[in-house]
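User: I have a structure open and some questions about it. Can we go through them one at a time?

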Amino acid sequence: MGTPQFPDLGKHCSVEDCKQIDFLPFTCDRCHLVYCLEHRSYIKHHCPKADKKDVTVVICPLCAKGVRLVPDEDPNITWEMHVNIECDPSNYDKVTKKKKCPVPGCREVLTFSNTIKCRDCTLDHCLKHRFGPDHKCPGPKKSDPGFPFMGLLSRSRKESKTNQAPATSSSKWATSFLNAASTVRASAEAGMTKLGSEISQKLQIARDGVGLSSSSGSGSSNGNAGQVEECPQCGAKFASVTTLVDHVEKVHERNNQSRVFKMSIDVCPKCSKGFRDPVALVEHVERDHGGTSKA
């Protein structure tokens, strides 16, 4: 067998009636014997271990799961192990009963390719009833009109009531979140109350001042019938105290506020360059104009 240069080249077929030498032999992966091209299959050489790697699956009638039979093992033993350990009868309805479109009268089975989830009601429908009017969609859920955090807090409270043993982390989170929301709401309400009280006080003071001035003016009008109110700042004359007060608030108070933001600017007499600081103006004249400010 072989040649002087390659003494191990080629092997004889393991079949007794063949024994043909083959330079490219085939090794069976079950019985690990060498065969020629004609007897390489399991059926041709009658392999005794051909069924060792065969996969046989039996569908369980209780849970509709596949049970794989182990080679060289009694199928009854495999079946008993599945029933005692893995079998779950509640899974039977999930596997056998196919999901259908929830629209009354529609028998369309929902599959991967014909299932559309509605954005408003979050339910799966077939392609025929994918639009809202077709499946009578109630529309999106309305948001809570109250405080923005109250909806989330109420949900967390409901979940904590339904669960008998809630996690400590979730309860701590809900408590801290409730405290923060109540603090924000209380501070906002206090600020609004304080602002309202201050506005009402200012209005009352203004009304009292106007009433006193008008009463004094009416009392003195018996002696001086044609008295005219005069503005102490600009000298403008008005027929009543109310118009004088409005004039002062609109003209002189705004002017006083605007004067706060005004800033004096000194201009160089030679180059007309402006400076906010007089010292900077003097340094500029001495450096650029020879120390004299005369034109």
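User: What sits over the ring of F26?
Analyst: The charged end of R40 does, 5.7 Å from the centre of the ring. Keep in mind that this is a predicted model.

User: And how many aromatic pairs are there?
Analyst: The count is 0 aromatic pairs.

User: OK, cores. Which residues make up the largest nonpolar core?
Analyst: That core has 7 residues: C13, V15, C28, C31, Y35, C36 and C47. There is also a second, separate core of 5 residues, with C101, V103, C106 and L110 among them.

User: Back to C31. What does C31 touch, not counting residues up to four places away in sequence?
Analyst: C31 touches H45 and C47.

User: How much of the chain is buried overall?
Analyst: Buried residues are 17% of the 295 residues in the protein chain. As for secondary structure, the chain has 6 helices and 12 strands.

User: And the contacts between residues at least 6 apart in sequence: what share join residues at least 24 apart?
Analyst: In the protein chain, 17% of those contacts do.

User: Now helix α6. Which of its residues are buried?
Analyst: In α6, L281, H284 and V285 are buried. These residues cover an arc of only 95° around the axis, so they are on the same side of α6.

User: What do the buried residues of α6 pack against?
Analyst: They pack against two strands, β11 (266–267) and β12 (274–275).

User: And which exposed residues are on the face turned away from the buried side?
Analyst: That face of α6 carries E286 and R287, which are exposed.

User: Tell me more about H284. Why does it count as buried?
Analyst: H284 counts as buried because its relative accessible area is 4%, and the cut-off for buried is under 20%. The helix that holds H284, α6, covers residues 278–288.

User: What is H284 in contact with, leaving aside neighbours within four places in sequence?
Analyst: H284 is in contact with C268, C271, K273, F275 and H289. One of these, F275, falls in the range of β12 (274–275), a strand that the buried residues of α6 pack against.

User: What comes after α6?
Analyst: G290 follows the helix, and its phi is positive, near 75°.

User: You mentioned β5. In what sense does it pair with β6?
Analyst: Strand β5 (residues 56–59) and strand β6 (residues 66–69) pair in the antiparallel sense, over 4 bridges. T56 stands opposite L69 in β6, and V57 has R68 as its bridge partner there.

User: How many residues lie between the strands of that hairpin?
Analyst: The hairpin of β5 and β6 has 6 residues between the strands, and A64 in this hairpin takes a positive phi near 60°.

User: Last one: C121. Where does it lie?
Analyst: C121 lies in the loop between β7 (116–117) and β8 (124–125). Its relative accessibility is 16%, so C121 counts as buried.

User: What is C121 in contact with, again leaving aside neighbours within four places in sequence?
Analyst: C121 is in contact with H135, C137 and P138. P138 is 17 residues from C121 along the chain, and the C-alpha atoms of the two are separated by 7.0 Å.

Technical notes:
Residues numbered from 1 in each chain as written. Predicted model: local features only at pLDDT ≥ 70, side-chain atom pairs only at ≥ 80, totals over all residues. Heavy atoms only, no water. Buried < 20%, exposed > 50% of the residue type's maximum accessible area, 1.4 Å probe, protein only. Contact = heavy atoms within 4.5 Å. Core = buried A, V, L, I, M, F, W, Y, C linked by side-chain atoms within 4.5 Å. Phe/Tyr/Trp six-rings, centres within 6.5 Å; stacked < 30°, edge-to-face > 60°. Lys NZ or Arg CZ within 6 Å of the ring centre and 35° of its normal. Pairing = 2+ DSSP bridges. Arc of directions from axis to C-beta.
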